[in-house]
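Hi,

Here's the structure I promised to send over. Have a look at it first, then read on for what turned up.

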Amino acid sequence: AAVAAASLAREVRSRCSDVRLVVRQGPGDLRPEDVATAVGAPVAAVWPWDRRLDAVVEAGNFCRGWQRSRVAAIAARLLKELLG
């Protein structure tokens with residue numbers, strides 16, 4: 001995932017100089033700081049791993065189901081920061 005993110009970040013940087021990461025903290029050993037180093041972009045937020053959210057995404061119901069997850073507050077904070 002970090003390698004794919006690095007590739008995507010390079011592509012995005014060709015259109016926008018301000019690239020930041022939202023890293024989903026999973027059950028593995030990879031830390032958000034490690035992802036930031038690998039990608040070469042700062043971490044704007046860390047979403048906690050939530051198996052319920054995985055099920056919502058897999059079912060194609062992210063637009064309706066995320067609001068009841070722990071990431072809703074994080075998404076609202078990021079949106080507020082982006083809008084100033």
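Before the pockets, one term: a pocket here is an open set of grid points with protein on both sides within 12 Å along at least five of seven lines. Also keep in mind that this is a predicted model.

Let's start with the second largest pocket, which holds about 170 Å³ of space. Its lining is made up of Asp18, Val19, Arg20, Val22, Ala44, Leu78, Glu81 and Leu82. Helix H5 (residues 71-83) gives the largest share of that lining, three residues. Sorted by class, the second largest pocket is lined by five nonpolar and three charged residues, with no polar ones.

Now for the largest pocket. The space in there comes to about 380 Å³. Its lining counts 16 residues, and Ala1, Ala5, Leu21, Val22 and Val35 are the ones nearest the centre. Helix H1 (2-13), strand S1 (21-25) and helix H2 (32-39) each put in at least two lining residues, with H1 giving the largest share, six.

Is Ala9 buried or exposed? Its relative accessible area is 5%, so Ala9 counts as buried, the cut-off being under 20%. Leaving out residues up to four places away in sequence, Ala9 touches Val19 and Val39. Arg77 is 68 residues from Ala9 in sequence, and their C-alpha atoms are 22 Å apart in space.

Cheers

Methods
Residues numbered from 1 in each chain as written. Predicted model: local features only at pLDDT ≥ 70, side-chain atom pairs only at ≥ 80, totals over all residues. Heavy atoms only, no water. 1 Å grid on protein atoms, 1.4 Å probe; cavity = no way out; pocket = protein on both sides within 12 Å on 5 of 7 lines; lining within 4 Å. Points joined across faces, edges and corners; volume = space filled by probe spheres on them. Helix = DSSP H or I, 4+ residues; strand = E, 2+ residues; numbered from the N terminus. Nonpolar A, V, L, I, M, F, W, Y, C, P; charged D, E, K, R; others polar. Buried < 20%, exposed > 50% of the residue type's maximum accessible area, 1.4 Å probe, protein only. Contact = heavy atoms within 4.5 Å.
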